[in-house]
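Look at the structure first.

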Amino acid sequence: MLEAEKGKELAARILKYIILIFWALTTIIPLLWVLINSFKTSEEIVKNGIAFPATIQFTNYKTIMSYPDLSMSRAFLNSFIISGSVVIGVVLIAGLAAFSLGRFRFKWTKYADAVLIACLLVPSFATMIPNFVTISKLPVRGTHAAAVIPQIAGNLCFSITLLTGFMRSLPDELDEAAIIDGASPLYVLTHITMPLSKPMFATVGIMVFIWSYNDLLTSMVYLSQRSKQPVCVILSMVSNMFGTDYGSMMAAIIVTIVPLLVLYVISQEQVIKGLTAGAVKG
Amino acid sequence: MKAKRQRTAILFLLPAVVLLLCFMIYPLGKTIYYSFTAWYNFSAVQTFIGLDNYKDLIRDPVVRTALRNTGILMAGVLLFQIGFALILAILVDGVRHCFKFFRTIYFFPIVISATAIGLMFTLIYKYEYGLLNYFITLFGGEKQVWINEKTSIYLALIPVVWQYVGFYFVIFLTGISNISSDIYESAMLDGIRPVQKAVYITVPMLRSVLTSSIVLVVSGCFKVFDIIFMVTNGGPLDSSQLLSTYMYQKAFARGNGGYASSIAIVMIVLGVAVTSVLRKMLQGGDEDA
């Protein structure tokens, strides 16, 4: 009786681990397969898609880094220029706005909150065509800024909402003391509120960086010049351009995801926090 | 003093307001306007045609396919991102020592760009050397051409659903860890079984987390683009189109700005409608939005 009970429990435990490990494998195996194949020649891949490479060779990586029209190294530089500018822009503009909404209390503040929430419901598809027209008329056309400005705008509402909420929760006493001492609002922002809000700025910054780095659509729409396009746009063209050079495609995937995987490994808690906080983003 | 403070507040708000006006509010209005016009190849000429774009849209078989595909996607995300992720979270909650390991593994697909995931699955489905055909031949089956008109939408949606299971897993895990342990302890004293514990305590306690997650996954279905664009690009023969991919093609490949705008408007209206209906349905009059 007792034995049977124990056996049942053990079976349940084993089943539990089988399910958990099964899902872990479905996330790891595809990526591992890409990684292994990225070190093989295309002939090797076609001959046996699963075997380890005879010799580890980096030819594929060299190919994609120096491919004349689709150089991954140039795309990397573009990605970091674009996503870096977007993060700086969002942190500055959203930081100022959140300080205004979160630390000053006026009658109109609550209307601003309602507008922000409404903006969260607007998907990028709904603004894409007119923005494309606007951008193509502005002098930023053909520069990195053509993708940076719409991306900043697209991330603002969500970032302001998060930062405002955080700043509202800060105690008032410090500000008041500083203001009585004659400090300007800008001083209060840079010396009191910003340092206290660092964790939320970090969350917003990481989330915006990941979102911008991975954003295919806006870069594809607003940046038509090959020499300015970021990594994911180049990656989206790889399968058409490389034809049957499967090894290079595999290497391109690995190269694209490595920066964010490194970020994830270094600061996993921050990344998870940032992305789950960004769940509401439109 | 107060007026000065108000001036400062407005000044700080200004850059954000200008950006939102120029790249969010104004274009939204403009998209609504474009949707009532015949407008091709981003020319300077827009002819007002009233509701004609919307009339075409109702008769367009591709729109019907896209809506059906969105329905399939919704079923998929509810089943896997909510259902399966919830099961995984409940299971992991029981194994204290290695839950961090599982969390790390399950979450990482979310960090990877959808473009890379799309290309990865394209390669997995390939005929000659794809991972899928490798497993098929391993078990003695015949190699297959996977993507055809019937299968395309399912194959394109597998990575979409797969990518975000870990996301809701983490959300549910956080929710479970917020449930007071007192409740579990008293239930344990009553000799409750693990399955009963999950059904009668964990799931009801997660109600508000589940509600917001369901609203989130379902309304998110209208924003899926990258993976479909990479794996099938809506094909073959439009069989795997979503409204998003169809709208992109209409606007930027076929230059039909008016029609594409009307698709975009339908996307927002459906998104808002589905979200508010779900909210009403799921919130049986209790707190939390």
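## Helix packing in chain A

Helix α8 (residues 173–180) of chain A packs against helix α9 (residues 185–196) of chain A at about 135°, with the axes 10 Å apart. Axes are lines fitted to C-alpha atoms over the stretch in contact, and angles run from 0 to 180 degrees between N-to-C directions. Helices (H or I, at least four residues) and strands (E, at least two) are DSSP runs, numbered from the N terminus. α8(A) and α9(A) are therefore oblique to each other (under 35 degrees is roughly parallel, over 145 roughly antiparallel, 65 to 115 roughly perpendicular, the rest oblique).

L174(A), D175(A), A178(A) and I179(A) of α8(A) meet Y187(A), V188(A) and I192(A) of α9(A). Contact requires C-beta atoms, placed from the backbone, within 7 Å. By class, this contact of α8(A) with α9(A) has six nonpolar, no polar and one charged residues. Nonpolar covers Ala, Val, Leu, Ile, Met, Phe, Trp, Tyr, Cys and Pro; charged covers Asp, Glu, Lys and Arg; the others, Gly among them, are polar.

## Model and numbering

This is a predicted model: local features need pLDDT of at least 70, side-chain atom pairs need 80 or more, and totals for chains, interfaces and linings use all residues. Residues are numbered from 1 along each chain as its sequence is written, while chains are lettered from A and ligands numbered from 1 in the order written.

## Chain interface

In chain B, 67 residues contact 67 residues of chain A. Helix α1 (residues 2–34) of chain B gives the largest share of the chain B side, 17 residues.

## Positive phi

F42(B) is not a glycine, yet its phi is positive, about 55°. F42(B) sits in the loop between β1 (37–38) and β2 (47–48) of chain B.

Technical notes
Two residues are in contact if their C-beta atoms, placed from the backbone, lie within 7 Å.
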